[in-house]
Amino acid sequence: MKFDDRMGIMYDTLFYGVIYFNQAKVKDLFENTYSSTEDFFQYFDKVKKDIPDIPTLLYPFFFTDCSRMSFLIQYMYDSFDLFSETFSDYINKLECDSAIKRLFLLHYISDELLVDQCFETSNFFPLIPAIIDSDYEDQLKLGVINVIAKFDIAFSLLISILKTIHSTIEELHGNMYDNSLSLINEYNTPRFEMILRNYCEIPNGVSLKKQIVSISYLHISLLFYHFIDSRYAFILGCIPNAFDLFTTKRMNYNYLNVEDVFLALSHPIKREIIENLMKRDYTATQLSELINASRQSINLQLLWLHDFKFIVISK
């Protein structure tokens with residue numbers, strides 16, 4: 001695979017804020033998903049001392065409950081061309097997107113008609129009851145309401161802090177360039193190729209040697225990919241054996257117990273996957289559209305359910 005640090009720098013710039021506001025949740029996700037004993041946040045801690053505190057007003061732009069992407073990473077997933085675009089392109093898209101406020105509101109409010117009516121009347125007060133009645137934590141509810149009331153101020157502040165974070169993240173990646181090349185070599189194994197092909201549903205006729213790859217130093221495992229025809233772009237985490245630890249543990253069925261059953265049934269995406277597959281067969285793409293979750297999230301949950309024999313995956 002061909003190394004391109006542009007993508008990892010872009011992702012880490014956004015994921016820094018996700019960790020900043022949601023560190024406990026991210027830590028639990030890493031521990032429960034990858035079972036790694038590594039220092040999850042060594043690079044986050046390294047750059048944090050050089051980055052100013054992120055204003056609390058910006059929390060909703062970075063919020064995640066670890067079952068869905070933060071708004072900024074979702075925007076990257078939906079609009080960013082991993083094959084060619086840079087951080088400057090991303091910022092330019094944010095600043096020039098006339099629908100950015102609407103997209104932000106729809107990230108938290110599912111009633112599209114209500115949101116559009118508020119834009120037509122320039123009156124956003126009717127959104128407040130919808131936010132208050134949502135299942136989000138109180139801190140997030142208040143944060144979203146504050147952003148609605150001060151959107152132009154919050155957005156200007158967001159652009160400024162993203163540029164500051166990016167400068168520091170870019171320096172980190174520059175210092176780690178040789179290490180990144182070494183990590184790519186560690187990933188270049190037949191076992192990981194098999195995992196990558198299964199996880200991303202890559203046809204056997206597509207050569208992985210011709211694809212581009214980047215490293216995230218703030219995430220520990222396989223996390224992001226895009227494809228167009230037979231071209232793939234991957235962002236991989238900084239601990240190559242993390243995904244191995246995940247698959248090795250899951251393939252040992254001595255780990256399957258009552259707690260695992262309750263974990264599967266209590267997780268909203270896992271539960272929806274099981275409920276839908278009880279009715280008929282679906283592809284990962286169809287489940288992603290049906291459940292309104294990213295392909296990455298669906299694939300990760302499918303792998304968990306498959307390895308614990310809740311479901312059967314067929315080609």
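**View 1. Arg197 and Glu193 share helix α12 (residues 190–200), where they sit 4 residues apart, about one turn of the helix.** Helices here (H or I, at least four residues) are DSSP runs, numbered from the N terminus. The model is predicted, so local features need pLDDT of at least 70 and side-chain atom pairs count only at pLDDT 80 or more, while totals for chains, interfaces and linings use all residues. Residues are numbered from 1 along each chain as its sequence is written, and side-chain values use heavy atoms, with hydrogens and water left out. The side chains of Arg197 and Glu193 meet in a salt bridge at 3.1 Å, N to O (a side-chain nitrogen of Lys or Arg within 4 Å of a carboxyl oxygen of Asp or Glu). Arg197 is buried at 11% relative accessible area, and Glu193 is partly exposed at 31% (buried is under 20%, exposed over 50%, partly exposed in between; 1.4 Å probe, protein chains only).

**View 2. Arg102 and Asp116 form a salt bridge at 2.7 Å, N to O.** Arg102 belongs to helix α6 (residues 100–108) and Asp116 to helix α7 (residues 112–121), so this pair ties together parts that are 14 residues apart in sequence. Arg102 is partly exposed, with 23% relative accessibility, and Asp116 is also partly exposed, at 23%.

**View 3. Lys49 and Asp50 join their side chains in a salt bridge at 3.4 Å, N to O.** Lys49 is exposed, at 64% relative accessible area, whereas Asp50 is partly exposed, at 48%. For context, the structure holds 7 salt bridges.

Note on methods: Helices (H or I, at least four residues) and strands (E, at least two) are DSSP runs, numbered from the N terminus.
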